[in-house]
Amino acid sequence: MHIDALTLTDFRNFEEAKLLPGRQINLIVGDNGSGKTSLLESIYCLGSGRSFRPGTHKQIIRHEQSSFTIFARGTDEQGDQHALGFQRDREGLVKIRVDGELVRRFGQMAQLVPVQLMTPETVELVLGGPRVRRQFLDWGVFHVEHRYIGEITSFNHVLKQRNSLLKQRRVGQEGDYWDAKFAELGEQVAAERQKYWSGFEPVLLDRLKHFLPEYDFKIILKQGWDGDLSLRDAMAKNKSAEDRYGHAIVGPHKAELKMLANGEDVKSILSRGQLKLFVAAIKVVQGEYLFAKTGVQCIYLVDDITAELDAGSQQKFCEALVATKAQLFVSAINKGELPEIIRSADTRMFHVEHGTVKEL
């Protein structure tokens, strides 16, 4: 989907802001602290229900106001128009509307707005803990198979219940019930992840040859327990350890993506700039893969595109972004710092200053 109109009310430093984005490249320029990143953040909230910046939801609400509201109109790949509304108040109460209807599950809006985010901090996909990589993987699975959100939500609920029992050292029939549900749902989650990864991995590895041809990459999905065992058998094998530690130590919540370059951990062999290009490439290719599988285009949000990338890497990254023909939102202090391909393509530019947005 692409966004045709965006309206923010009491979001960060915007009392009210309206913009009519173009269907390809949208440049958002302005001084540091002007609100460029906040505009990207608002679109990210439509696709994820949360911010990508640190802090609580209360900090998103403009000073002394009771709530923020994000409203968007967009058009999907079939030409159907949609109206999306997302409101959250200081108490945490959330209201989500899709085409005028109040909906209970955020996934109903998220599936319409698949968003890929690139900021200087997205290098945490490599440098951060396994949870970040599981979130990346689950994003891909959900947008290819929407039913997955029900499976992963159910599994996380069972994981929480089972951990509570293990912590309390409670066994018996109740424990047997949650063990069985944990094994059943855990196998389902792992199977969905593996199915997605089996299709995505070869596409990703082939595309990485273009971005960083000097390296031979290998990315291994570890499901969270010994692959030669069923999850139920792995739980039985680790029962004494789980009883001792008071939480589940095997299962899809322990899954990991092991990323290697020339046989070594990418963290130890790639420079900071190469790591950023590596992560940017993964994000672009994940969006391309989604389009190839479903016909649905991502919206790409790119904050500070030039940070830590040399001129050659910037050019490769921007060429790949433009080639997706997806809707892009790119922030910069000024237009001149961006590669020519971004500036010369079908571009619409907006200037942000003191909580106002004006099209240039």
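These notebook entries record what I looked up in the structure.

**Basis.** I worked from a predicted model, in which local features need pLDDT of at least 70, side-chain atom pairs count only at pLDDT 80 or more, and totals for chains, interfaces and linings use all residues. Residues are numbered from 1 along each chain as its sequence is written, and side-chain values use heavy atoms, with hydrogens and water left out.

**Helix α1.** I looked up α1, residues 36-48, which spans 19 Å from its first C-alpha to its last, close to the 18 Å expected at 1.5 Å a residue. Helices (H or I, at least four residues) and strands (E, at least two) are DSSP runs, numbered from the N terminus. The expected span is 1.5 Å times one less than the number of residues. I noted that 12 of the 13 residues are buried, so α1 is largely enclosed by the rest of the structure. Buried means under 20% relative accessible area (1.4 Å probe, protein chains only). Just after α1, Gly49 has a positive phi of about 80 degrees.

**Aromatic pairs.** I found 13 aromatic pairs. Rings of Phe, Tyr and Trp (its six-membered ring) pair if their centres lie within 6.5 Å; planes under 30 degrees apart count as stacked, over 60 as edge-to-face. Phe68 and Phe86 are edge-to-face, 5.7 Å centre to centre with 80 degrees between the planes. Phe68 lies in strand β4 and Phe86 in strand β5, so the pair ties together parts 18 residues apart in sequence. Both Phe68 and Phe86 are buried. The rings of Tyr196 and Phe200 have centres 5.5 Å apart and planes at 25 degrees, so I recorded them as stacked. Both lie in helix α6, 4 residues apart.

How values were computed. Buried < 20%, exposed > 50% of the residue type's maximum accessible area, 1.4 Å probe, protein only.
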